[in-house]
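I opened this entry to record what I looked up, beginning with the sheet and moving on to the helices.

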Amino acid sequence: MSSLGTPFNHSGATEFIFRMFTSSPKIQALLFSLFLFLYVMILCGNTAIIWAVCTHTYLHTPMYFFLSNLSFLEICYTSTLVPLLLANIIGARKPISLAGCATQMFFFVTLGSTDCFLLTVMAYDRYVAICHPLHYTLIMTQQLCTNMVAGSLSLALFLALPLTSLVFTLPFCGNFQEINHFFCDVPPLLHLACADTHVPQAVLYVVSILVLTIPFLLICISYIFITTTILHIPSAEGRQRAFSTCSSHLTVVLLQYGCGSLVYFRPPSSTPADEGRQLALVYTFVTPLLNPLIYTLRNKDVKNALKKAMSKKAASESL
């Protein structure tokens, strides 16, 4: 445990600061530019997907409904973390209050968990589309799709609220703490608590199993059935198209669940100080950016929608 102040006092206002990536001004400027570029790309790419799905009727299908919701989640998720990260890189480190830290953690856990559940829903959608194509429209109704998205968010809220409350009922050793991270994540905050953390650590493992392990197993089961069905498709072109659709989803899944498992399933004592922060950069920047890149570059429907929009804009500007 690290302490930067006097012993914890319930009457004092506890504040946190985030550890710097580097003290070199040149590297700070480089990191700021890189992270800002990635953040803008994430916002633009995911907004483009949402706009394409909303404005083109032939994209009003369950697959694109889930994809647009995933894009909206990615925008909210990264906006919960990145602006504060950028502010702390470019200027003096700004303290965050206990309430502010708790709010950021709550939204991070809620949106991150919803993201994981939605990836599972998307795997089920692909399973129904490939394994039961004749019944697809009967099974994947608009009502079911809406309920699945709402259920994902509700379950995430149900898990995030008690976990966040449990972490922030712990006493912290001092009124000014340095978090070895760039946002208020659960493991580094448990490390700063000056009380027994076995109960919240156990709750974190349970939440991680519900958010990461079970959804990942369900996705694997879905893709076992999907792969079996694809291998029975007679035409090579049909197999290639089906594998192409699924491989893009699997790429995002493996990165998201792989990095998350490495961060949240290892005992705190066995995790190097900076490794959790480095892995968090992957699911803060890489997977939200991969979502629009993979689904636009490898998806003809979305690419055609964006091309039509660009050509219409070019035509209107030439008039």
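I looked up the sheet first: it is open, has three strands in the order β2-β1-β3, and shows mixed pairing. β2 (96–97) and β3 (176–179) are at the edges with a single partner strand each, so one side of each lacks a neighbour in the sheet. I took helices (H or I, at least four residues) and strands (E, at least two) as DSSP runs numbered from the N terminus, and two strands as paired if DSSP finds at least two bridges between them.

I noted that this is a predicted model, in which local features need pLDDT of at least 70, side-chain atom pairs count only at pLDDT 80 or more, and totals for chains, interfaces and linings use all residues. Residues are numbered from 1 along each chain as its sequence is written, and side-chain values use heavy atoms, with hydrogens and water left out.

I then checked strand β1 (residues 15–18), which pairs with β3 in the parallel sense over four bridges. The bridge partner of F16 in β3 is Q177.

Next I turned to helix α1 (residues 25–55). Its 31 residues reach 44 Å from first C-alpha to last, close to the 45 Å expected at 1.5 Å a residue (1.5 Å times one less than the number of residues). Among the buried residues of α1 I listed L31, F35, L38, I42 and I49 (buried: under 20% relative accessible area, 1.4 Å probe, protein chains only).

Last, I examined helix α2 (residues 62–90) and helix α3 (residues 98–131), whose axes come within 10 Å and cross at roughly 160 degrees (axes are lines fitted to C-alpha atoms over the stretch in contact, with angles from 0 to 180 degrees between N-to-C directions). α2 and α3 are therefore roughly antiparallel to each other (angles over 145 degrees).

Note on methods: Buried means under 20% relative accessible area, exposed over 50%, partly exposed in between (1.4 Å probe, protein chains only). Angles under 35 degrees count as roughly parallel, over 145 as roughly antiparallel, 65 to 115 as roughly perpendicular and the rest as oblique.
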